[in-house]
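Dear colleague,

I am passing on the structure we spoke about, and my notes on it follow directly below. Please read them with the model open beside you.

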Amino acid sequence: MDFITHLEKYLSKDDINNLLKSLEKNRVTSFILNTNKLTKDKLMSLFPNIKEYKDLPNCFTYSKDEYDLGKSYLFNNGVIYIMDISSQLVPHYLDLNDNDLVLDMCSAPGGKAICLALKNPTCQILANDLSFERAKILSSNIEKIGVKNVTVISNDFSKNSREFIGKFDKILLDAPCSGSAMFRKQEDVKKDWTYEKVVKLSAIQKELLEHAYIMLKNGGEIMYSTCSFSYEEDEEVILDFLSKHKDMETVSIPHLKGFYSSNILKDSVHIFPHLFESEGQFFCKLKKKGVGNPTDFKINKKIKKENIKELEQYNLSFNYIEKINDLIYGYDYDFNLKRISILRKGVLLGELNKGIFKPSFNLAHYLPSSFSISLNEEEFKKYIKGETIQKQLNIKNGYYVVSYNSINLGFIKYINGTMKNLYPKGLRH
């Protein structure tokens, strides 16, 4: 079955034609602003031609021809995260209560987890990806943002979801899909599309949703989403799931102008580029009936705070400061996970090797700029190139955070008037 024919399951010929035409047009580029690091007013003063998208908090659109924000220090240092509007809408409509335990099942590269972490800092988020390599990318993106309420893991829930029965208040399942809504963005996805792939992925999506059901508390909610236009990956998955679980129901989502819902599943939302200025997306919110119990994830009382004298100056308030191998992590909530690959607990504070502590890039982005040495424009340009900076300061030799425009960049090691550059090599330009 070809791409057009398979869309006829739920779309009219006019809708299909308009959709196909929209995929030939230029796409809208957008990002989310981390207001912990930069105010909207300051952002607008730096980039006066960006536009705020009023229906999403801290979302902005821009022209890539005018601003190459993907190569800017704002992106590399967690001030902005480039992410499509339609993708931002998915976590936006997942309501978070204070102290919710949230699972992002297929999290890489991490945009939706970032949205959730910024949306409610009191929530504790378990961000997972089955692929360890993709989970490393996820961990890197979380690191730049500088949040402490995300634990990054790489786990196959098909093998152990029953160990988490009824644990999570909210689950976001952005399921692996055929990616037809990404045709305009990625030409290789378009070339790789087949109906056989759609059917295969539909089976995987149904299985993942079953595991999410097992791990969801009574009264909890699942947000299911794909970047696919296929009925088999969208409505069919939800309808099949609801037929098996009478204690689950769909939840209505407030509609913005341009949202599309098929008559087959009215509470769901399709975002089509010909109706809504964005890339494509499908999402549907599901709720488990009943009232959930308080979390029974246990706080691990055995862990004590590691005494690192070099950290005392930062007034850190983590519940736990733990040494894992040579790495020091700070975090507030211990999921106490067993037999699961944990890439990051909260904030990677640094490395302790033979009694010598070296702070991490992550710590620089968690700390406020009040702990930093401010660089002028010339020094900033040298720093992001990885160059050594000569500057006489009335400070002791040691490690210090440096910033530009009140935005922390990373650490330097100050030795007698020389700033040794510790900006990650992969970010230098």
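**Salt bridges**

E143 forms a salt bridge with R344, and the closest N and O atoms of the two are 3.0 Å apart (a salt bridge being a side-chain nitrogen of Lys or Arg within 4 Å of a carboxyl oxygen of Asp or Glu). This pair links distant parts of the chain, since E143 belongs to helix α7 (residues 132–145) and R344 to strand β15 (residues 341–345), 201 residues apart; helices (H or I, at least four residues) and strands (E, at least two) are DSSP runs, numbered from the N terminus. E143 counts as buried at 15% relative accessibility, and R344 is buried as well, with a relative accessible area of 6%, where buried means under 20% relative accessible area, exposed over 50%, and partly exposed in between (1.4 Å probe, protein chains only).

Before going on, please note that this is a predicted model, in which local features need pLDDT of at least 70 and side-chain atom pairs count only at pLDDT 80 or more, while totals for chains, interfaces and linings use all residues. Residues are numbered from 1 along each chain as its sequence is written, and side-chain values use heavy atoms, with hydrogens and water left out.

The structure holds 23 salt bridges. Another of them joins K345 to D334, with the closest N and O atoms 3.6 Å apart; because K345 lies in strand β15 and D334 in the loop between β14 (327–331) and β15, this pair ties together parts that are 11 residues apart in sequence. Both K345 and D334 are buried. In the salt bridge between R134 and D129 the closest N and O atoms are 3.5 Å apart, and here R134 is partly exposed, at a relative accessible area of 40%, whereas D129 is buried, at 6%.

**A buried asparagine**

N128 is found in strand β6 (residues 124–128) and counts as buried at 2% relative accessibility. What lies close to the polar atoms of its side chain? One polar atom of the N128 side chain is 2.8 Å from the backbone oxygen of M105, and a polar atom of that side chain is 2.7 Å from the backbone nitrogen of N155.

**Helix α11**

In helix α11 (residues 235–244) the buried residues are E235, V237, I238, F241 and L242. They cover an arc of only 165° around the axis, which puts them on the same side of α11, the arc being that of the directions from the helix axis to the C-beta atoms.

Notes:
Polar contact = N/O pair within 3.5 Å; in protein donor to acceptor, adjacent residues only side chain to side chain.
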